[in-house]
Each structure stands twice: as structure tokens, then as C-alpha cells.
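User: I have a model open and want to go through its fold with you. Can you take my questions as they come?

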Amino acid sequence: MFKIQDQIDQGAISSYVSNVCPQGTKFHVLEVGWLECDEGYVIRGGNSSLKSTEGNSSINKRRELPMYCILIDHPHEGIILWETGCGKEYPLVLGPVLSDVFARVRYEPQHELRAAIAATGHRIEDVKKIIIGHLHIDHAGGLDEFLDRKDVEIWVHDKELRSAFWSVATGADIGVYQESYLKLGLNWKTFDEQTFDFCQGITLHHLPGHTDGLIGMQINMPQTGTFFFISDHCHWRDGIPQGWLARDYPAWFRSTQRLKHLERITKGQVIPGHDKETLLNLQKQAKVYI
Ligand SMILES: [Zn+2]
């Protein structure tokens with residue numbers, strides 16, 4: 001427990017980091033394509049004009065959004081996948097208008113979920129459990145690879161499953177959620193606790209705001225310590241309020257406070273949903289996290 005002992009020495013509360021994955025647990029970071037959109041979707045007030053700049057010609061800023069998944073090889077649970085990326089057929093599923101708004105600008109053969117998993121030495125057929133932070137297409141679209149896999153458990157927060165199915169059924173939030181992977185036949189599993197011990201070493205935290213049922217995954221690794229993968233609770237590290245993609249700002253603010261507290265009492269690393277620099281650093285730091 002090298003890194004976790006360091007975290008405790010730096011002031012982490014030991015009970016928050018004591019649920020450690022068993023020796024032999026490994027995780028891989030899988031890059032599964034890049035999106036791009038107007039900054040206004042992901043930063044509050046992005047690309048808005050000011051009195052002092054009125055009349056100036058300006059070019060709207062755009063943001064690159066890498067997509068990633070985490071493949072965990074867990075001695076007791078088997079292969080666990082954290083999120084799935086957008087799925088191979090993303091532009092077709094979204095249609096021409098929405099895939100112009102959230103354009104997939106990089107999708108090479110190695111970004112396909114099946115290929116990205118194969119590059120770790122595992123097979124997509126070996127995945128036993130999938131945990132989804134939230135069910136927007138860029139995180140859950142890859143569930144289309146599992147539509148006939150009754151043996152794979154798909155774990156989400158109860159509120160996320162309800163709001164995703166409701167959004168598609170009524171058309172209330174169409175676009176970000178899509179029917180193509182929100183299928184009744186998948187082996188859905190839900191929980192409704194704010195904090196849920198998923199298995200040895202992995203705890204799930206409900207962080208509503210970006211969506212009703214968004215969750216973050218805390219994983220305490222035997223050697224490399226504590227990580228929080230927070231889906232789109234934050235798109236970037238700095239926690240700037242979200243733009244047009246935010247749904248419930250007061251809930252988001254409360255979740256941000258909770259997450260900052262968790263970060264302080266664990267001394268863990270927070271990994272946002274689409275931060276280019278954080279992802280490149282993670283890829284550079286290690287090929288496999290142990
Ligand atoms: Zn996203």
C-alpha cells in the first residue's frame with residue numbers, strides 16, 4: 001500500500017482509503033475517440049459577448065473532448081469496464097445535425113472499444129461488469145456492443161436509469177440520451193445509495209447535477225493509490241460551472257463541494273470526463289496501473 005500510506009501520511013482519513021483493491025488488481029486507460037464542440041456547451045458563459053467587446057469580430061472558441069474508459073482486471077470480480085465511450089456508429093445514431101454540434105473529430109481503428117480492449121490483452125467477451133457514470137451517448141453509446149450479452153451486468157445509479165429512459169420515452173432530453181443502447185433487454189443493475197461499496201477497492205459516489213443520477217468511481221489501488229473517475233461531473237480539472245450541458249446547477253454545486261471534501265480527506269486524484277491534459281498525463285504516467 002505504498003501510495004495509500006503516503007496519502008495517510010499527508011492527512012488522508014484512513015477509513016476513506018482502507019477499502020483497497022486486492023493485490024494483483026490492474027487498470028488500463030483506454031482512449032476511445034475525440035469529440036469537439038462549441039465552448040458554450042461545456043463552460044458557463046463560454047463564447048458570450050461583453051459590453052466592452054461589443055462590435056468586435058470574434059471567432060467562437062471550440063473545445064476538444066477526449067473520450068476514455070477504464071478497464072479493471074480485478075482478481076475477485078473479473079474484468080470490469082468503467083464506461084464505454086460513444087460507440088462505433090455515433091455519427092449515424094446522432095444524425096447529421098447533432099453530430100455537427102458534437103462532432104467526432106478523431107476515431108481511428110484503435111479507438112474502437114473492441115480494439116482498445118484487445119490492446120490490453122483482454123477480449124470484449126471477457127467483460128463481466130460495466131459501471132456507467134451517466135448514460136449520455138459519449139459515455140454509454142458503446143453499450144451497443146453488449147446488446148445480446150445477458151451475462152454482463154450494467155451498473156448505474158437508480159436515478160440515472162429512470163431519467164435516461166424517461167428522457168428518451170418522452171423526448172424531454174433527446175439527443176444526449178439515445179434509444180439505440182437504452183434497451184430493456186440489457187442486464188441493468190441499480191443502487192440508490194449516495195455512497196455504494198461496489199466491491200473490494202471500488203466505491204461509487206452519487207454526484208447529481210450534470211445529470212440526475214451521475215456517479216463517480218473511487219478506486220483505491222494497492223500501489224498507485226486513490227483515483228476518482230467522475231464522468232462529466234466536471235469536463236475539466238478546474239471545476240468551472242458547466243455550460244448548456246448542465247441540467248441542475250444547485251445539485252451540481254452541492255456535488256462539487258462533496259467531491260472537493262472527498263478529495264481533501266483521501267488525497268486522491270480526480271480524473272474529469274474530458275480533460276485532454278489529464279488524460280495525456282495518465283497515459284504518460286503508466287501503461288498499466290497497479
Ligand atoms: Zn461526456
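Analyst: What follows covers the sheet, a hairpin and a few loop residues.

User: What kind of model is this, and which cut-offs apply?
Analyst: This is a predicted model, in which local features need pLDDT of at least 70 and side-chain atom pairs count only at pLDDT 80 or more, while totals for chains, interfaces and linings use all residues. Residues are numbered from 1 along each chain as its sequence is written.

User: What is the strand order in the open sheet of seven strands?
Analyst: The order is β4-β1-β2-β3-β5-β6-β7, with mixed pairing. Helices (H or I, at least four residues) and strands (E, at least two) are DSSP runs numbered from the N terminus, and two strands pair if DSSP finds at least two bridges between them.

User: Which strands are at the edges?
Analyst: β4 (103–106) and β7, each of which pairs on one side only. Neighbouring strands of this sheet are turned by 30° against each other on average, direction ignored. Axes here are lines fitted to C-alpha atoms, for helices over the stretch in contact, and angles run from 0 to 180 degrees between N-to-C directions.

User: How do β2 and β3 pair?
Analyst: Strand β2 (residues 62–74) and strand β3 (residues 78–82) are antiparallel, with five bridges. L71 has L81 in β3 as its bridge partner.

User: Which helices pack on the sheet?
Analyst: Helix α3 (residues 90–101) touches β1 (26–38) and β4, and its direction makes about 105° with that of β4. Helix α8 (residues 276–285) touches β1 and β2, at about 35° to the direction of β2. Contact means that the C-beta atoms of two residues, placed from the backbone, lie within 7 Å.

User: Moving to β6. Is it mostly covered or uncovered?
Analyst: Mostly covered: four of the five residues of β6 (residues 153–157) are buried. A residue is buried if 20 or more other C-beta atoms lie within 10 Å of its own, exposed if 12 or fewer, and partly exposed in between, with C-beta atoms placed from the backbone.

User: What are its neighbours doing?
Analyst: Strand β5 (residues 127–131) runs parallel to β6 and is joined to it by three bridges, with I131 opposite W155. On β7 (residues 187–191) there are five bridges to β6, also parallel, and V156 stands opposite T190.

User: Which hand does the β-α-β unit have?
Analyst: β6, helix α6 (residues 158–170) and β7 make a right-handed unit. Right-handed means that, with the strands pointing away from the viewer, the path from the first strand over the helix to the second runs clockwise.

User: What about the β8 and β9 hairpin?
Analyst: Two residues lie between the strands, and G201 in the turn has a positive phi of about 95°. β8 (residues 195–199) and β9 (residues 202–206) are antiparallel, joined by four bridges, and D197 stands opposite T203.

User: Which residues other than glycine have a positive phi?
Analyst: Among them are E83, with phi near 65°, and K267, with phi near 60°. Most residues other than glycine have a negative phi. E83 is in the loop between β3 and α3, and K267 is in the loop between α7 (249–266) and β12 (269–271).

User: Why does E83 count as buried?
Analyst: Because E83 has 26 other C-beta atoms within 10 Å. K267 is buried as well, with 20.

User: And P75, where is that?
Analyst: P75 is in the loop between β2 and β3. P75 is partly exposed because 13 other C-beta atoms lie within 10 Å. Not counting residues up to four places away in sequence, P75 touches P22, G24 and T25.
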